[in-house]
Amino acid sequence: MDSLQLFLDQFKARGEAETVWLKEIFGFISEHLCPELSEPAPLAADDVVTGVCAGQLSVCLVKKLQENVAVTHVLPVSYRLVSVSALLSLQHLACVSNLSWTTNQHRAWEKEVELPGHQALPRVNLLLIGCLKEGRAGEWRLTDASGSVRCECLSLSPLWLNRPVFLPHWNYIPHNALGQNHEVRGYVELIGSPALLCPGPEQGFAASPGEGAGLSRAVGVREAAGLLYNSPCLSPRTRGQRISVFGLVASVCPQLVVAGTTFFCFWLTDESHTVRVLVKDINRQWWTQCVYVGLSVCVTELRVCVLRGWRGNDILCVTEQSELHTNYTHTDTLLDTPPPHLMSHVDSEDCEEVEPETDKAGLRMKKSRVISYQGTVTQVVSDGAGLYVIDRKVGLCLAYQPTLRRKLRAGDSVELHHVHFLYRPCPDFPPSMLCTCLRSSLRVIAFSGVGGAPPPDSGWLPRLLLEKNTGVSEYLWTCHLSSKLAHSLVPSLLKQRSVAVLSWKLMESVWRRGRGGRRDIYSEMLDEPHTCPLSKYTTGPKVHQYLSISALIGSLYSECWSSVSLSSLLPPGGSSLSRSQLNTALAWSCRTLTSDLQDGPQTGDAPGRRPLLLVGMLELPTQTSEPTLQLRDATGAVACVVTETSPDGGQRAAFNSAWIGCLVCVEQFTMVTERFLQSDFPSYQHLDQDKYITNKHCRVYLQFSLDSLHILSPSVAMATHLGQRGEELGSDVTDRRQTLEAEETERATTASRKRRREASSVTVTTNPVGGGFRPCVSLVIRVEQKEGVAQKNTAAALKVEEAGLTRCFSVKAVVVGPVVSWGRDPKNGPVTDKEMETEQEDKVVLVLSGGSARWFPLLQPGCFYRLTAPNTQDPRVLIGRGVSGQRGVELHTDPTLQVRSDWRLHTLTRPPLQALSPTVLSVSEVLDSRSEMVCFQAQVCDRISLSDRTSSPGAGVCAGVRLTVWDQSGRTLQVYLDFSHTPYPPGLLPGNTLLLSAFQRRVSRSGGVYCRSLPVSSITVTSLGDASSARPPSAPMMHLGVWAVRDQSGIVGQVRGHVVCFLFLQLEWSCSLCGSPYLQTCSSSQCLSTSSVFQSKAKLVMDDGTGEAHVWFSGALVPPLLGLADSQWEGLQRALRVRGHIRVTPRGRSLVCDSDDPLLHFLLCVCSSDVVCRQLSLTCRKTNQQRSEEMKRFSRGERDFMTRVTPPLQLTCLHLEDV
Ligand SMILES: [Zn+2]
Ligand SMILES: [Zn+2]
């Protein structure tokens, strides 16, 4: 009888289906398992032997199957055996197989394992059998005749090796499910123990020679340790000696590959001692999956040896004869060491261990704590970076260990021993972080029941970590940045693979970190006490936070109005403003935040405020955006008002076109939110009623200096520019070294070289790549004057914008040399002699409209540019209209050149060209000037909107702006800007310095000088200031006697003197709408308004010893002048409600008051009291209109005298301080 029939007879099949099924089982085993078992034997294996083998195995398998199925005595015909190769090639989805589950058990399991966003693995009715064999580098593989598949196990017994097994419960994870590369095939996760298919495994194990001897001579850890450590100079005899040691596994270090050698070590312990066991033998690497912390083992035939590279004590090495016995119980000694304490939650409070060290950047160094922890992976943050979340709140970082062979999945339960606990190493991660080092043991104790493929990500960051070895806080920050940049830069600006390198570079420059020291892997694994890169970490609130452009803009917009109350926008004494004053004061306001300030925009639930960081590419504006440079990433773009340092060291508007196309990191910047409010509030009391707001909007932009940027990837032009500068600075060093002043220069050179080096390693995808023949013609020009951008109806505009209007501006420039033709775009390369060959300098007017108007932010007077027209060799295209091209033609007007949108302008910085800067005046010079058109530079100190109520709302909330500007002398000038037909330039903020070009100087009827914008005027922000410090650079001290005779208007000065007497004091309730006296209602018969404001005015005589002045006070300055507290002032307002107003005219101190009016009496007393007539320090402005000299008649006795009297100096008080 053949073995198949014997087999079928043993299981009485009920029905055809079972017979067929049983035959299939037999056939499968004969085909796939038996050849594997007889493999060592000659290939010409006996059919009979195979048949016997198949018969025995089939019987064994079916018995095991019957044992495992839920319903007894039924064959699981719905299950079929699958060969390893079929599993690998046909099963494309992750799945689970569990023979013993009933449907209900399966459903219950599904419920239990499901995680948010992750489905339970689908169940398949597949059976796996095969031999468990040792694979490469410690892998275990399930092998049959068709192939082999990697097995991951929770705990393996050495007894299972090379045995035919049946797997009753397993998961299969195909390679594509986890986005791994194609070399790594799928793998099987063994859940529970495999069922052995052959009888009598134990005796086979015990029978092997030598082992019994090894086991019987086994010693405890204490004895082994004594052998190792008690004799410091080990005798050669001890060193060669073999011992067998039993103990508890205390620690299993991760498997490492160093210089081609794969090894791992584990620690054995008893109650008091530990020994380290090194497993270097390639045939024992499979032990990694058999030993885990807490297991009692016996290891035989260990050799005492010295580990080269480790300066510590000797170590026990596994030999070729060594055996591992797990779950070992020694007959003599009871291994009752308590299992290591496992934490399942971490308490943040007791873990903070602060060291009093603080580094330069304000970061503190902390010590981590070593703990053991057990939990479930709930989130895979980044598989490639080795970052996970356990139990929803504890972070896990595995990056300091080699990559795990099996990636962790959400749902895996893990046990961690000797893991570092860190508290708040990085604010972008959970506060509690567990980080593993080379000494840590990580073991999966339950495989996840869910699939779910985390997005594929590269392991670039751990590779960089291995290479550069930075601290864990820095690494975590880099990982977070990298994940953010992947969203905001890829794919439009950057390739995915560049993100990791870019993030690392950014971290090094922001954290100012270089390469760390080398990791000493042996001492990290074996030294006691333990030290490793995770022992210490930095922490601090000042860690930069990266924001994408859209996130930044979004938060600024959302906070625009919520961050402010309207009453806070009013000047001091805002409650006394009339309707028009009130609404004008509210019409424009601005909020500026610096990137490093604590009050940055609130994003998420991050504790505290962190300095911000932006990354983006610098661009020219598009047609629809503001005429400023832009910073763009894949999420959005933001307008930027930028300045840079000019070659002479001063701040000026951005002029270097090489910045266009550079990918940069902006670390120091100011976020500006300008608020525009159209309102009609009758008075201060109505500010809480939104119905008076007719329109409100805001705009957001950034201000920064280009000098503070990190270039992450340079444009071709920037690379050229930096190259030229580097060369120049390099040659500078050799010259200057002789004068021993090299230090400064050297620093600049290294910075420049560093920039170039930094700039080279990341490539931006949008950079044009040079090469090939690209004909073009070019012309070198020097810009003399730039007009402002305006919406104009230009005939040349090919693409018609809204209503035929297109953005347009023109530039007056000097043509430095002839048109030169090139075979390849010279960009911003050095100026050649040929380009400078010219006898006389012609002028040209460049008209830039439509697409070419984008060059506006970079064209600055005094700078040299190379204008190139691509795809042509015809020099005529760059010759202005009106020039016929013939020689000797005289020109009477400057020719005009229409700049086409595909032409380029490159700023030329090399060789240094002699620039003739236009005459720029100061405020004082404008005030004293006689010319009608002026170009001047000044700092803004105040700005108000001029509402134009006649214009349509579409023209914007404010059609005009009045800027008050000043210079260092403290003299101020008012500048009126009309924006009804021009775009509204950003950056007109208090604190900023502006270059105002082609403005009209005018004199008012009262004799004051002011300036007005004309259509040709342009405004450029040349230097960025702090709005909060936009106060006069402390007004100069003035003597009244000197001030009275000096004929200068607009001067603000400080006066220190004594109040001589009050000339008058007027307090009144007046209508907020029309200003008429107010008593219950407005007294004007046309108005009859019911809203009123309290207004106060005072005039007094001040004497400082050099002269006298009449000083006016109003509004909020009056109560402190009178020395009245807020409550007194309010009482006074109430008391005046009934009568409406009061005017007090005390004539000197000697006045005797006999009035019956108690209020008048009170005020008279106040005005003449010593409290009021005191020493004061005032900041005053001289009123424009001073009275001219007049004749006065005096009587002395009987005689009359006529005398010429100089009228007193008239001053308006701006600020008051008691001396
Ligand atoms: Zn460590
Ligand atoms: Zn009125």
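Modeller: Let's start with a charge and a ring: the charged end of Arg443 sits over the ring of Tyr292, 3.6 Å from its centre. Keep in mind that this is a predicted model.

Biologist: What makes you say that the charged end of Arg443 sits over the ring of Tyr292?

Modeller: The limit is 6 Å from the ring centre, along with a position within 35 degrees of the ring normal. Arg443 comes in at 3.6 Å from the centre of the Tyr292 ring. Another arginine, Arg463, lies over the face of Trp460, with 5.1 Å to the ring centre.

Biologist: On to the metals. Which residues are the protein donors of the zinc ion (ligand 1), and how do you know?

Modeller: A donor has to be an N, O or S atom within 2.8 Å of the metal. His420 (NE2), Cys437 (SG), His530 (NE2) and Cys532 (SG) lie 1.9 to 2.3 Å from the zinc ion (ligand 1), so they qualify. Along the chain their spacing reads H-x16-C-x92-H-x1-C.

Biologist: Where do His420 and His530 lie, and why do you say that the pair ties parts together?

Modeller: His420 is in strand β22 (residues 413–423), while His530 is in the loop between α13 (521–526) and β25 (536–539); the pair therefore ties together parts that are 110 residues apart in sequence. Both His420 and His530 are buried. That loop also holds Pro529, and the peptide bond from Glu528 to Pro529 is cis, with omega near 0 degrees.

Biologist: What makes the site of the zinc ion (ligand 2) tetrahedral?

Modeller: The rule asks for all angles between 85 and 135 degrees, and the four donor atoms give angles of 100 to 120 degrees, so this site is tetrahedral too. Its donors are Cys1071 (SG), Cys1074 (SG), Cys1082 (SG) and Cys1087 (SG), at 2.2 to 2.3 Å. Their spacing is C-x2-C-x7-C-x4-C.

Biologist: Is Cys1071 buried or exposed, and what about Cys1074?

Modeller: Buried means under 20% relative accessible area, exposed means over 50%, and partly exposed is in between. Cys1071 has 1%, so it is buried. Cys1074 has 40%, so it counts as partly exposed.

Biologist: Now aromatics. How many aromatic pairs are there?

Modeller: The count comes to 17 aromatic pairs. One of them is Phe263 with Tyr522, 6.0 Å centre to centre and with 25 degrees between the planes.

Biologist: Why is the pair of Phe263 and Tyr522 called stacked?

Modeller: Ring centres must lie within 6.5 Å to pair, and planes under 30 degrees apart count as stacked. With 6.0 Å and 25 degrees, Phe263 and Tyr522 pass both tests, so the pair is stacked. The pair links distant parts of the chain: Phe263 is in strand β12 (residues 261–269) and Tyr522 in helix α13, 259 residues apart. At 2% relative accessibility, Phe263 is buried; Tyr522, at 15%, is buried as well.

Biologist: How do you know that α11 is largely enclosed by the rest of the structure?

Modeller: In α11, 14 of the 17 residues are buried, so the helix is largely enclosed. Helix α11 (residues 472–488) reaches 24 Å from its first C-alpha to its last, close to the 24 Å expected.

Biologist: What makes His721 a buried residue?

Modeller: Its relative accessible area is 9%, and the cut-off is under 20%, so His721 is buried. His721 lies in helix α16 (residues 716–737) and touches Asn656, Ala658, Asn828 and Thr909, not counting residues up to four places away in sequence.

Conventions: Residues are numbered from 1 along each chain as its sequence is written. Chains are lettered from A and ligands numbered from 1 in the order in which they are written. This is a predicted model: local features need pLDDT of at least 70, side-chain atom pairs count only at pLDDT 80 or more; totals for chains, interfaces and linings use all residues. Side-chain values use heavy atoms; hydrogens and water are left out. Helices (H or I, at least four residues) and strands (E, at least two) are DSSP runs, numbered from the N terminus. Buried means under 20% relative accessible area, exposed over 50%, partly exposed in between (1.4 Å probe, protein chains only). Contact means heavy atoms within 4.5 Å. The expected span of a helix is 1.5 Å times one less than its number of residues. Donors are N, O and S atoms within 2.8 Å of the metal (3.2 Å for Na, K and Ca); water is not among the atoms, so sites may look incomplete. Four donors count as tetrahedral if all angles lie between 85 and 135 degrees; four count as square planar and six as octahedral if opposite donors are over 155 degrees apart and all others between 65 and 115; anything else is irregular. Rings of Phe, Tyr and Trp (its six-membered ring) pair if their centres lie within 6.5 Å; planes under 30 degrees apart count as stacked, over 60 as edge-to-face and the rest as tilted.
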